Amino acid sequence: MRCSAPSKLMLLLAAAGSFLLSMTATAHAQKPPVDPGPDSAVTCIPHERDALLAFKQGITGDPAGILALWQQQQPDGGHGDDGKHTQDCCRWRGVRCSDRTGHVIELRLGNANNDIVVDRAATALVGQISRSLLALEHLQHLDLSYNNFSGGPTGRIPEFLGSLKNLKHLNLSGIGFHSSVPPHLGNLTQLQYLDLFSSSSMGAAYSTDVSWLAHLRFLRYLNLGSVNLSTVPDWPHVVAMLPSLTVLRLPGCSLSGMLPEPVAQLTSLVALDLSRNSFTGPLPEFIGNLTGLRMLDLSSNKFTGPLPASVRYIAGLRTLDVSYNNLTGLPREVGTLSSLTGLYVSHNSLEGDITQEYFRSLKSLQHIDLSSNFLKIEISTKWKPPFAKLRSANFANCKMGPMFPAWLKWLVGIEYLDISSAGITDRIPDWFPTAFSNASFLSMSKNQLSGELPANMDIMSSLDELDLSNNSLSGQIPKLPNNLTYLDICINSLSGSLPEDLGLPNLQVLSVASNSITGSVPRSICRSQGLRTLVLVNNHLDGELPNCFGNNVMLFLDLSNNNFSGMLPASMQNCEMLQVLDLSRNMFSGRFPVWVGKLKRLRFLRLRQNMFSGKVPTNLTNLGCLQYLDIADNGISGSLPRNLSNLKSLEQKQSAEMCSDVFHVRVFAVNFSTFLKGQQLSYGSIPRIVGLNMKVIDLSFNNITGEIPEEIATLDGLLNLNLSKNHFSGNVPSKIGAMQSLESLDLSGNKLSGEIPTSLSTLTFLSYLDLSYNNLTGAIPSGSQLDTLYAEHPNMYTGNIGLCGPPLKNNCLKTDASEQGPFTRTEEGRWQGFFYIGLGYGFLAGIWLVSCALLFMKNWRIAYFCLFDKLYDKAYVLVVTWWAKADQEDMQLR
């Protein structure tokens with residue numbers, strides 16, 4: 001679900017602009033700097049030029065060349081007319097002088113790219129704010145906003161700025177100060193505009209005393225956004241003492257408690273922004289006393305109760321934002337605000353029915369957001385809304401079904417429409433493409449829309465983003481709007497092949513996952529050179545990928561669970577920005593692609609259940625960002641590379657700086673499952689796996705040989721290591737106990753030998769272990785962790801006939817002669833060596849004694865042979881008798 005944030009921002013900016021236009025001095029200050037014409041008689045005052053050049057010396061970075069023409073006057077007086085202009089400070093960029101006196105009165109160096117981080121870095125000035133500005137005694141307007149003037153190691157706003165007594169406009173917003181706001185600013189008694197909005201990553205600026213504000217009697221605009229005022233309980237009384245104040249912005253100032261009553265005294269306000277604080281309790285009725293308000297923003301607080309009905313008294317209100325609170329009711333009186341252009345009440349606990357009565361007078365409405373509440377929109381299909389100029393509407397999670405809302409067809413000027421999760425079980429109406437032909441964003445996901453897509457969707461030439469995912473749409477994909485950048489139609493019942501002209505020139509995101517799409521990927525997709533995300537998982541696509549497939553901006557590629565075959569095209573090595581590659585459960589063949597090792601930003605690689613062969617390339621260990629590696633169930637052979645320690649993202653410590661970039665992938669609803677802990681487990685989606693930093697290596701069901709490299713023990717961030725069903729030989733790595741993050745370890749079905757390392761018993765997070773069907777020998781290491789695992793998985797040692805000791809039943813009684821001598825003590829504490837030696841000596845001694853007695857004692861010898869004769873006679877008689885009896889029985893049988 002996406003909210004209409006861009007439209008909301010534009011509206012707020014437009015509202016703020018209209019407020020400033022109502023203030024003469026401030027409006028003048030907001031004009032862009034205009035350099036005097038070439039015929040102007042104004043010339044630079046020398047000491048003020050020197051002050052500006054001294055200011056430039058404090059600038060250490062100027063990537064956009066803002067101050068490139070700020071130059072020192074040459075001794076020869078310049079180089080022609082152009083040289084004269086570059087030396088006249090009144091003609092320098094950002095500088096404006098008085099037409100009457102020639103003094104510098106404006107210094108406008110604010111960075112216009114204040115909302116885009118990348119562009120801001122490319123244009124922002126870097127350095128310090130020099131004290132040389134004090135020489136500009138006539139300065140009235142100073143704008144240094146959104147540059148990188150940190151204020152030095154202390155992060156302080158320069159106190160000397162409080163000496164510029166003629167200042168009327170001071171804008172230091174977005175610079176990144178993170179220290180106390182100096183009370184010296186209270187000396188600027190002529191100030192009309194003060195913007196100290198803080199945006200420091202090192203911590204917010206703060207103030208423990210704002211009493212100095214009371215000296216600014218002419219102040220009309222005050223913005224202390226993100227300045228921590230949590231220890232300033234009297235702030236409402238101070239701002240109430242500012243008679244000229246018309247705009248008050250205190251967003252993100254760590255304010256709490258109930259909305260203070262002195263706010264009701266600010267009757268001259270036209271804009272009030274108290275968003276992103278921690279205000280609690282119900283919204284008070286005195287809000288209705290602020291009858292001059294044009295903009296009211298109380299979003300992202302903890303307000304409860306119903307929005308007060310007194311809001312109807314603010315007849316000129318244009319923007320009302322109470323989103324992200326705990327409000328439970330929305331009064332019908334909102335429908336009387338005929339000047340309202342923006343209504344934002346999303347992400348509350350609003351409940352009940354919304355009828356056309358709530359909209360009866362909202363003829364000026366351009367933006368509405370009722371999303372993420374418990375509302376039901378009960379409006380007649382014949383109703384024609386009064387807001388003909390509506391540009392954005394977000395009704396996500398509002399119940400609007402079961403029929404498709406027919407009144408939406410009147411919103412012909414709509415640019416942004418979100419009716420996702422609205423309980424609609426109808427077909428998409430035929431008027432849909434025509435009615436929304438001006439729309440740039442449409443989301444109807446998570447409904448039960450059925451039937452085919454409209455055949456004439458290509459007439460929606462303005463459409464930029466379309467989300468129809470999680471529905472029951474069927475039929476073929478029609479010709480699509482040519483300007484699409486985002487298309488998500490996953491989890492439907494669409495069939496047929498992909499359109500031959502799929503190569504939309506502006507396409508960046510395409511997801512047709514979990515449908516019944518057949519055929520091959522058309523070659524036209526190669527024309528979408530800006531394609532960053534492609535998700536075709538869970539279809540019936542087949543054939544080979546086009547040999548032009550891939551580009552240098554692609555981030556996310558998921559083609560899993562299809563019938564693709566053949567070798568991967570070499571053009572895929574151009575995907576140097578790729579972070580996710582999932583080709584699992586297909587029939588791709590050929591040798592393991594060596595070029596994968598060149599994709600330095602790759603975080604997720606899954607090739608399982610294909611027919612890849614050959615060795616794991618050595619350069620695979622160059623993937624320092626890799627955190628998920630699954631090449632199971634292929635025909636991979638050979639030994640593993642030795643330098644596994646290069647896989648730095650599989651260690652516990654923070655990964656390399658190159659891998660710390662934000663994961664710029666839109667989250668999809670396609671379910672992701674992985675084989676872990678001996679079973680198939682669901683983990684949501686691939687972006688969630690990457691976001692959770694889940695670290696996995698699965699090489700199972702291949703033909704890999706050789707020893708398990710000892711270097712694998714350095715990957716101490718691994719959660720799952722599965723090397724089962726291969727031909728690994730040698731010993732289990734002795735330092736495997738260093739992999740303290742392991743939760744699942746499977747080495748079964750190999751040819752591993754030797755003893756189980758005792759360090760294995762130190763893996764406290766281990767919850768699954770399988771060492772079965774190897775050639776392991778010796779005593780099993782003791783430890784409560786392994787005992788617990790054996791109780792849950794009694795087959796974890798099966799197939800290793802050489803293993804002994806608890807918890808197995810076969811005791812380790814036999815010893816290895818190379819390690820244990822005859823005097824080694826057994827586990828029962830017996831001297832078995834002495835026992836067996838004594839037994840042998842005793843037997844020999846007995847034989848010797850009997851032989852000597854028979855040899856030297858005649859009487860014993862006679863008695864012995866007589867006894868022997870008697871025993872012989874008895875044995876003879878016994879045998880003859882038994883034989884005769886046997887013959888007699890045989891004759892009887894015959």
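Analyst: Two strands count as paired if DSSP finds at least two bridges between them. The model discussed here is predicted.

User: How do you know that β1 and β4 pair, and in which sense do they run?

Analyst: Two bridges join β1 to β4, residues 126-127. The rule asks for at least two, so the pair qualifies. The two strands run antiparallel.

User: Which residue in β4 stands opposite Ile59?

Analyst: Gly127 is the residue of β4 that faces Ile59.

User: What makes β1 and β6 edge strands?

Analyst: The sheet is open and has three strands, in the order β1-β4-β6, with mixed pairing. Strands β1 (59-61) and β6 (148-149) each pair on one side only, and that puts them at the edges.

User: How do you know that β11 and β13 pair?

Analyst: Two bridges link β11 to β13, residues 278-282, in the parallel sense. At least two are needed, so this pair also meets the rule. Within β13, Phe279 is the bridge partner of Gly257.

User: Why are β11 and β15 said to stand at the edges?

Analyst: They belong to an open sheet of three strands in the order β11-β13-β15, where the pairing is parallel. Because β11 (256-257) and β15 (302-304) have a single partner strand each, one side of each has no neighbour in the sheet.

User: On to the cysteines. What makes Cys44 and Cys89 a disulfide?

Analyst: Their S to S distance is 1.9 Å. The cut-off is within 2.5 Å, so the pair counts as a disulfide. By this rule the model has four disulfides.

User: Which parts does the pair of Cys44 and Cys89 tie together?

Analyst: Cys44 sits in the loop between α2 (24-29) and α3 (46-57), and Cys89 in the loop between α4 (80-87) and β2 (95-97), so the link ties parts 45 residues apart in sequence. The torsion about the S-S bond is 95°, and the link of Cys44 and Cys89 is right-handed.

User: Why are Cys44 and Cys89 called buried?

Analyst: Buried means under 20% relative accessible area. Cys44 has 10%, so it counts as buried. Cys89 has 0%, so it is buried too.

User: How do you know that Cys90 and Cys97 form a disulfide?

Analyst: Their sulfur atoms lie 2.1 Å apart, and a pair within 2.5 Å is a disulfide. With -95° about the S-S bond, the link of Cys90 and Cys97 is left-handed. Cys90, at 1%, is buried. Cys97, at 4%, is buried as well.

User: What makes Cys804 and Cys812 a disulfide?

Analyst: The S to S distance of Cys804 and Cys812 is 1.9 Å, so it falls within 2.5 Å. The torsion about their S-S bond is about 105°, and therefore the disulfide is right-handed.

User: Is Cys804 buried or exposed, and why is Cys812 called partly exposed?

Analyst: Cys804 has a relative accessible area of 12% and is therefore buried. The value for Cys812 is 22%.

Conventions. Residues numbered from 1 in each chain as written. Predicted model: local features only at pLDDT ≥ 70, side-chain atom pairs only at ≥ 80, totals over all residues. Heavy atoms only, no water. Helix = DSSP H or I, 4+ residues; strand = E, 2+ residues; numbered from the N terminus. Buried < 20%, exposed > 50% of the residue type's maximum accessible area, 1.4 Å probe, protein only.
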